[in-house]
Amino acid sequence: MKTYSPKPEHIERSWYVVDASGQVLGRLASEVATLLRGKHKPIFAPHMDTGDHVVVINADKVELSGNKAQNKFAYRHSGYPGGITGIRYADLLATRPVAAVEKAIRGMLPKNRLGRQQIKKLHVVAGAEHPHSAQKPVRLTVGERPRWSGLPTTVLTSRLEAKQPIASKAPAKEPTAEKTPAKKTTAKKPAAKKTTAKKTTAKKTTPKKPAAKKTTATKPAATTSAAKKQTSKKTTAKKSAAKKPAKTEE
């Protein structure tokens, strides 16, 4: 079984509205972070941004449990030695409620470039009105998971279109079949050239005939050797003839 990895064309981002009035800050931040990361989708992958856009309204009406409003501090540092400053959450919610909500949600996202990309999909508003009505966001309650509608229709249509050319290739083979006889005729022409090549080889064999004449020229050498043998026989015959009279004299 292969591990599924989402592709950019598989990701379809939706818009949701979450009302923060009367909600605990920590619980609100965890639910919004889940939507921003895309953990509510079956195609979730920790290395990719598969989340949706979230609009948080009524951020000034968020609450803190226990004595955290007085005992908890929000710290920041200027970067210089001794540059740390802190503010109580009671004062932070009274003066900058949007910063308090964004700080809580940012702390629940990855601390890398992926988290910096996911936080851009968060839109926090202190009041009940937001400027993102053109995107037609869907209202969600805290803890509610939106229903996943599946892969985008554009991906499914692209898959179908990719399969259609495969079926349309069958009639496209007919013109290619007509071209093949033409290729065969062109193949016959080189065959004619091969016959001409054979003629040239036949011409090359004709010069070999003088070589056969040279072999005939070597025959006189054999005759000379035979002549030498005949002369040697004559000399032996003369010697025998000279010896015979000597025998008769005795």
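Q: Contact means heavy atoms within 4.5 Å; which residues is lysine 121 in contact with, leaving aside its neighbours within four places in sequence?
A: Lysine 121 meets that cut-off with Arg13, Leu36, Asp49, Gly51, Asp52, His53 and Val54. The model is predicted, so local features need pLDDT of at least 70 and side-chain atom pairs pLDDT 80 or more, while totals for chains, interfaces and linings use all residues. Residues are numbered from 1 along each chain as its sequence is written, and side-chain values use heavy atoms, without hydrogens and water.

Q: Why is lysine 121 called buried?
A: Its relative accessible area is 4%, and buried means under 20% (exposed is over 50%, partly exposed in between, with a 1.4 Å probe and protein chains only). Lysine 121 therefore counts as buried. It sits in the loop between α5 (113-118) and β5 (122-124); helices (H or I, at least four residues) and strands (E, at least two) are DSSP runs numbered from the N terminus.

Q: What makes the pair of lysine 121 and aspartate 49 a polar contact?
A: The two side chains come to 2.8 Å. The limit is 3.5 Å between N or O atoms, one able to donate a hydrogen and the other to accept it within protein (residues adjacent in sequence count only if both atoms are side-chain atoms). Aspartate 49 is also one of the contacts of lysine 121.

Q: Why does histidine 132 count as buried?
A: Histidine 132 has 16% relative accessibility and therefore falls on the buried side. Its place is in the loop between β5 and β6 (138-140). Not counting residues up to four places away in sequence, histidine 132 touches Trp15, Val55, His123 and Pro137.

Q: What makes the 27 residues a nonpolar core?
A: They are buried Ala, Val, Leu, Ile, Met, Phe, Trp, Tyr or Cys residues joined through side-chain atoms within 4.5 Å. In this largest core, Val32, Val56, Val101, Ile105 and Leu122 touch the most other members. At least two residues each come from β1 (15-19), α1 (25-37), β2 (53-57), α3 (89-95), α4 and β5. The largest share, 7 residues, belongs to α1. Leaving aside neighbours within four places in sequence, the contacts of valine 56 include Val32, Val101 and Leu122, along with Val18 and Leu28.

Q: What makes a space a cavity, and how many of 30 Å³ or more are there?
A: On a 1 Å grid over the protein atoms alone, a 1.4 Å probe fits in a cavity but cannot get out; a pocket is open, with protein on both sides within 12 Å along at least five of seven lines, and lining residues have an atom within 4 Å of a point. The count is 1 cavity of 30 Å³ or more. The largest cavity holds about 50 Å³, and its lining includes Val18, Glu31, Val32, Leu35 and Leu140. The most lining residues, 3, come from α1.

Q: Which residues are closest to the centre of the largest pocket, and what is its volume?
A: The volume of the largest pocket is about 290 Å³. Of its 13 lining residues, Arg76, Leu92, Arg96, Ala99 and Lys103 are closest to the centre. β3 (73-77), β4 (84-88) and α4 (97-106) each give two or more residues to this lining, with the largest share, 5 residues, from α4.

Q: How much space lies in the second largest pocket?
A: The second largest pocket contains about 180 Å³. Among its 14 lining residues, Ser14, Tyr16, Arg147, Trp148 and Ser149 are closest to its centre.

Note on methods. Contact means heavy atoms within 4.5 Å. Grid points are joined across faces, edges and corners, and a volume is the space filled by probe spheres set on the points.
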